[in-house]
Amino acid sequence: MTAGVPQFADVVAAASRIAPHVVRTPVMRSDTFDARCGRRVYFKCENLQTGGAFKFRGATNVVLQLDPQRTPLVITHSSGNHGNALALAARARGLRAIVVVPRDSARTKIAAIEAAGARLELCEPGLPAREQRVAEILASEPAELVHPFDDERIIAGQGTAALELLTEITALDVVSTPVGGGGLIGGTALAAKAMQPGIRVVGAEPEQADDSYQSFRSGERRAVRTPDTIADGLRGFIGVRNFVLLRSHVDDMVTVTEAEIVAAMRIVLGDLKLLIEPSAAVPVAAALAGKLGQQGQRVGIVLSGGNVDLERCPFLRGERIPS
């Protein structure tokens, strides 16, 4: 195993560490939704997590392992949810946080990071620009880098959502999450394969940001340099540790269209009365398209977040769903 790649024991340890600080989110289902896709689907509602996304789990797992006296400052880059999560977790621990955010991030997510007390640093869109700006800041301000996905502490923390799901729902055939940098799918796969060895783990991506799909199929890490998708949380590309877990623990990758993502958001709002962000809707869209498991099977989906920019949401604005 590659150095720095977490094990299931790390997920278990993270669950114990963060339990007093995170929300044990509910698992929900809908007969109406099940009828749409011919499967019994269980939704782990991380849209109801602190900060509105699963990211608070990994961020909390990191900061609880830091000594505020020795490490008073943390830094990261983020499209929004991880930055907000780290800012919230750092503040609770008495740490300061710097978050580098692309200029094209959702305004609601940028506002949330500022409200959580972090110092915001804007950069140009794209992962290279984010990483460059972080490096520039670190050259003059010593800080603990908390990578949004390629960090064993983050991956272990994210896996606690699936650990909770599979503790509550004990006989799933398939579990699925969206895939951006790979923290959630990596942690989920570790938990799932340890707890239910026969389960299939399937990652879901937008067609227009399909780096992990391409990487999974080719066997080598690939990047989509200019991903153009409404699922802003999935515009990064698969990390090094995350790719190791993708290849060793994930059974398949599937993709969905932009129209399918928006339609899935609308269906979840109608069937479960939950407003989820586009990234969270990606595996939902895959289920609706018949890409997760077989007819009659039991499927678990981690709804990764609910931080929706209402001004950009096409169906709430009365716009036509993109093709």
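In which sense do β2 and strand β10 (residues 298–303) pair, and over how many bridges?

Guide: The model is a predicted one, in which local features need pLDDT of at least 70, side-chain atom pairs count only at pLDDT 80 or more, and totals for chains, interfaces and linings use all residues. Residues are numbered from 1 along each chain as its sequence is written, and side-chain values use heavy atoms, with hydrogens and water left out.

Strands β2 and β10 pair in the parallel sense, over six bridges; strands are DSSP runs of E, at least two residues, numbered from the N terminus, and two of them pair if DSSP finds at least two bridges between them. Within this pairing, Y42 has G300 of β10 opposite it. Strand β2 also has a link to β1 (residues 27–28): two bridges join them, and here the strands run antiparallel. In that case K44 of β2 stands opposite V27. Strand β2 covers residues 40–45 and is mostly covered, since five of its six residues are buried (under 20% relative accessible area, with a 1.4 Å probe and protein chains only).

For a further example of parallel pairing, one may turn to the open sheet of four strands in the order β5-β4-β3-β6. Strands β5 (119–123) and β6 (144–145) stand at its edges with a single partner strand each, so one side of each is left without a neighbour in the sheet. Strand β5 is joined to β4 (residues 96–102) by five bridges, and R119 of β5 is the bridge partner of I98.

Key: Buried means under 20% relative accessible area, exposed over 50%, partly exposed in between (1.4 Å probe, protein chains only).
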